Amino acid sequence: MIEFILNTKIISGNNALLELDLSKSKRISIFTDNNMLKIGACNSTIELIKKNNINYEIFSDIEPDPSFEIVIKCLSKILEFESDTIIAIGGGSVIDTAKSVIYFALEVNKKMSINAKKPLFIAVPTTSGTGSEVTSYAVITDKETHRKVPLVSNEMLPDIALLDPQFTLTVPPRITAETGMDVMAHAFESYVSINASPFTIPYSEYAILGVLNNIFKAVNNGKDIEARIAMHEVSCIAGIAFNNAGLGLIHAMAHALGGRFRQPHGRANAILMPYVIEYNAKHCKKSASKYAKIVSLLNVKNIDDDLTASTILKSIILELNKSIGINHKITDYGIDRNEFESAIEEMASNALKDVCLLTNPVKPSLEDVKNIYKNLI
């Protein structure tokens with residue numbers, strides 16, 4: 001049985017914000033972070049709200065890798081304000097916080113037997129990476145255990161995704177690179193997922209090729225509006241793919257790594273990706289065949305077999321990372337080698353418990369995961 005869901009209205013294009021209809025909203029909560037507020041990223045949205053004479057409040061204390069504590073604070077805010085609309089303006093952390101707040105607000109109302117209506121949820125991504133604007137996933141960090149906890153519920157799906165490249169033009173090269181490789185991880189993992197289907201595979205392929213064709217341009221010239229639009233759209237498209245097909249070992253390991261060493265999620269995905277591709281290809285012929293197809297679409301000639309193609313793909317990803325400033329050794333990011341080695345057992349154990357692993361094409365052992373981590377030192 002195949003199920004494919006796309007319940008989010010997508011508005012994409014330069015100055016797409018101008019197409020947003022807020023006529024039915026009366027009380028709007030804006031979720032963002034202090035940096036977005038400081039650089040004026042929310043100004044155009046606030047002006048639109050004021051123009052429509054709508055009451056609004058701003059919650060801007062959202063942190064990277066949002067914690068349960070931040071979610072609880074935001075939850076109290078929207079319950080007190082009685083928000084009928086939530087607009088999340090920011091990267092994955094901001095949108096995931098808004099999703100989590102909606103999830104827990106609905107859960108609280110259910111337990112109290114209150115038949116409350118879900119607020120209109122508008123996601124405005126300011127980075128091209130998470131695809132969170134079209135997915136039913138959110139990731140919250142448990143500070144006590146250093147674990148990232150994925151939440152999954154269709155109730156968290158945004159009603160509207162606003163893809164306006166104007167929000168991405170000031171994103172620094174490093175963040176553009178790392179979030180862009182997060183897109184690549186979404187695309188590759190959904191492509192070889194055990195739940196990949198004729199409905200998701202075209203999205204995954206399009207996103208993989210889109211990243212390969214545009215990420216270098218976006219990183220090296222942040223004002224390239226065409227590259228920015230392309231990266232914003234493939235981020236969303238990869239989100240549609242993995243929301244329906246699932247993810248895999250890259251994300252499971254990245255969650256464990258990021259939770260333990262506070263590394264940006266996209267960076268963790270980028271440096272793990274070549275080695276997980278290699279691992280999947282060696283242990284799953286179907287995955288190797290799919291990787292080979294991507295290499296053929298890149299017009300690489302004289303490929304002997306699927307495993308050779310997968311090795312070439314690994315090299316392509318390593319070279320792409322290098323070209324956009326992502327190092328392949330974790331020690332290049334200020335992490336002590338001995339501390340990392342000591343944490344491998346714990347991280348591998350946590351990765352094996354991650355929900356993302358359920359759709360990976362290969363079921364790895366603890367030793368398999370530990371050996372992949374060792375490639376990073």
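This is a predicted model: local features need pLDDT of at least 70, side-chain atom pairs count only at pLDDT 80 or more; totals for chains, interfaces and linings use all residues.

Me: Thanks. Which helix gives the largest share of the lining of the largest pocket?

Reply: That's H5, with six residues of the lining.

Me: And what volume does the largest pocket have?

Reply: About 1000 Å³. Of its 46 lining residues, Gly91, Gly92, Ser93, Thr130 and Thr179 are the closest to the centre.

Me: Which other elements supply at least two residues each?

Reply: Besides H5, there are helices H1 (34–38), H4 (92–111), H8 (249–261) and H9 (265–283), plus strands S6 (137–142) and S7 (147–152).

Me: Back to H5, how far does it reach?

Reply: H5 covers residues 173–192, and from first C-alpha to last it reaches 29 Å, close to the expected 28 Å.

Me: Why is H5 called largely enclosed?

Reply: Because 17 of its 20 residues are buried, H5 is largely enclosed by the rest of the structure. Buried means under 20% relative accessible area.

Me: New topic: the sheet. In what order do the six strands come?

Reply: The order is S1-S8-S5-S4-S2-S3, in an open sheet with parallel pairing. On average, neighbouring strands are turned by 15° against each other, ignoring direction.

Me: How many bridges join S2 and S4?

Reply: Four, in the parallel sense, with S4 spanning residues 85–90. As one example, isoleucine 28 has threonine 85 in S4 as its bridge partner.

Me: What lies across S2, S3 and S4?

Reply: Helix H2 (residues 43–51) does, running at about 160° to S3. Helix H3 (residues 68–81) also packs on the sheet and touches S2, S3 and S4, with its direction at about 170° to that of S3.

Me: Last one: leucine 20. Where does it lie, and is it buried or exposed?

Reply: Leucine 20 lies in the loop between S1 (9–12) and S2 (27–31). With a relative accessible area of 7%, leucine 20 is buried.

Me: What does leucine 20 touch?

Reply: Leaving out residues up to four places away in sequence, leucine 20 touches Leu48, Ile122 and Ile160.

Methods. Residues are numbered from 1 along each chain as its sequence is written. Side-chain values use heavy atoms; hydrogens and water are left out. The expected span of a helix is 1.5 Å times one less than its number of residues. Buried means under 20% relative accessible area, exposed over 50%, partly exposed in between (1.4 Å probe, protein chains only). Contact means heavy atoms within 4.5 Å. Two strands pair if DSSP finds at least two bridges between them. Axes are lines fitted to C-alpha atoms, for helices over the stretch in contact, and angles run from 0 to 180 degrees between N-to-C directions. On a 1 Å grid over the protein atoms alone, a cavity is a set of points where a 1.4 Å probe fits but cannot get out, and a pocket is an open set with protein on both sides within 12 Å along at least five of seven lines; lining residues have an atom within 4 Å of a point. Grid points are joined across faces, edges and corners, and a volume is the space filled by probe spheres set on the points.
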